[in-house]
Amino acid sequence: IKLLAEFFLTLWLFFSGFLFCTHLFEKKDILNKLIFSYPISSTYTVIGFQLFSVFGIKITYTIILLFEILKFLSLIKLKIYFSTKNLKHIIFYISLIIIPFFLLPWITHDSSMFALYSQAILNSKILDFPESGLVSYGFYLSGLHSFYNVFTDSPFTVSIPFCFGISFTILLIKTSFNLLKHEYKINLNILIFLLVLLTTPMYILGFVYIHNNLISSFFIFSTFILLMKDLKFKNFLNQILIFSLILGVLVSRMENGIIFSILGIFLLLFNKHTIKYRFGIYCGIFYGYFWYLLIYFKSREYSDVILSENTSLMILLSLLILNILIIFHSKLIKISKFINLKLTFYILLLLILIPFLIQPLEAFESFKALSLNAALVGKWSFFWYIFLIFVFINDGHLFYKYKKKVSSNSGLIFLVLSLLFFVLIYLMSFFRVPYRLGYGDSGNRLLITIFPFAVQYMFFCIYEIKKNKKLSFFT
């Protein structure tokens, strides 16, 4: 009965999100519907649970039913088109969400804390809970677990990371194929790409790992991809989509406030389409103000992971800076003429070196742990080795010739973002104890944030190699 309840709850989250995506995306754009249906619907359910818990409303069956009906009415339009194609893809998704029932969850100490905090959310005591999950673990996964727990009474729900993993994989494949100029036929390039995904244990483990890293990475990457694009669908709806994804970023992991702010500033500097989504970004920023101010004033426990009172103020300041830069975007454009991706690449390399001058022992310890985890013990297989090979083959000149022309900004932007996230992850260690060896270390888990950007960069390199007919590379 519990498994059946979990199945129907997952189906409900997908179906209610699919109704919204049906009139958000074009009829032929079925992949985007499959990618965003579950995450968007889940996000609004999580936000509802968040507000209920914060304002002390005890979560009951009646409250959930009323909220889900209201959510359903807000996501639906009077006209819904169920073509044969839509029905086929819904059946395909149903067949996928049966798989988690045959999988065992990967559980660590953090997983048990997520389960514990989900019970605190149900009792509307998350703000008063010892070692508050607001500070250490983020709200998203615990909030979504709460939704399932009301009906299943199960501490660990594999369907959550599995569904996000499916959405993530489809998104990665779709964006990678777009880099190949819509060459969707099965060829060597696609097989290599799939091999990279399937032979990366840390990514595959994310499908069953009860943690928020995969969820967080999905929201960061999907937000980046959409803010980069000139979306063709209705303006108001794409603002809602952007807002939904930013909510997912801010609520999935607590340090994501800083990550989102830096990513937003990066996009404002190097992408002309981002400013068009200012309304959705503003809404996300203002919700971030509410959330992080709440943490600052209400959370009583100190966390050595990332957030103390001072750090929550840093996150609020970063959101404020992003807010100001959007307001004065026209002046920012003038400044951006003096900053390019190559210069940003070199600045980031220097940022890695600075901590060695301030705290050399701690800096060395964290850098060594991150490097060895990526190379040997972090369950990443050969992924980062392959990534570095592509870097030195395609953009190795960046390390010794500044003036050499870069093959394309499209590929370099993924390389720079990969380095940017590595620097951010590395610098986070100075807000806590240094990173340690082991696949369960938070630094190693955070490398999943870089994973999709690294995959896109490698796929772009494959496209460049194919275009320039460097077939000897494959040999």
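Predicted model: local features only at pLDDT ≥ 70, side-chain atom pairs only at ≥ 80, totals over all residues.
**A nonpolar patch, a helix pair and a salt bridge**

Nonpolar surface patch
- Leu372, Leu376, Val377, Phe382, Tyr385, Ile386 and Leu437 together make a nonpolar surface patch of about 650 Å².
- Two or more residues of the patch come from each of two elements, namely helix H18 (360–377) and helix H19 (383–395).
- One of the patch residues, Leu372, has its place in helix H18.

Packing of H1 and H2
- Helix H1, covering residues 2–24, packs with helix H2, covering residues 30–54, at an angle of about 115 degrees, and their axes are 7 Å apart.
- The crossing that these two helices, H1 and H2, form is right-handed.
- On the H1 side the contact includes Thr10, Leu13, Phe14 and Phe18, while the H2 residues that they and their neighbours in the contact meet include Ile30, Lys33, Phe36 and Tyr38.

Salt bridges
- The count of salt bridges comes to 2.
- Aspartate 110 and arginine 445 meet through their side chains in a salt bridge, with 3.2 Å from N to O.
- Because aspartate 110 lies in helix H5 (residues 109–122) and arginine 445 in helix H21 (residues 442–446), the pair ties together parts that are 335 residues apart in sequence.

Methods: Residues numbered from 1 in each chain as written. Heavy atoms only, no water. Axes fitted to C-alpha atoms, helices over the stretch in contact; angles between N-to-C directions. Helix = DSSP H or I, 4+ residues; strand = E, 2+ residues; numbered from the N terminus. Left-handed = near helix turned anticlockwise from the far one by under 90°. Contact = heavy atoms within 4.5 Å. Patch = residues over 30% accessible without salt bridge, like charges linked within 9 Å, V, L, I, M, F, W, Y side chains within 5 Å. Areas by Shrake-Rupley, 256 points an atom, 1.4 Å probe, with all protein chains shown as cover. Salt bridge = Lys/Arg side-chain N within 4 Å of Asp/Glu carboxyl O.
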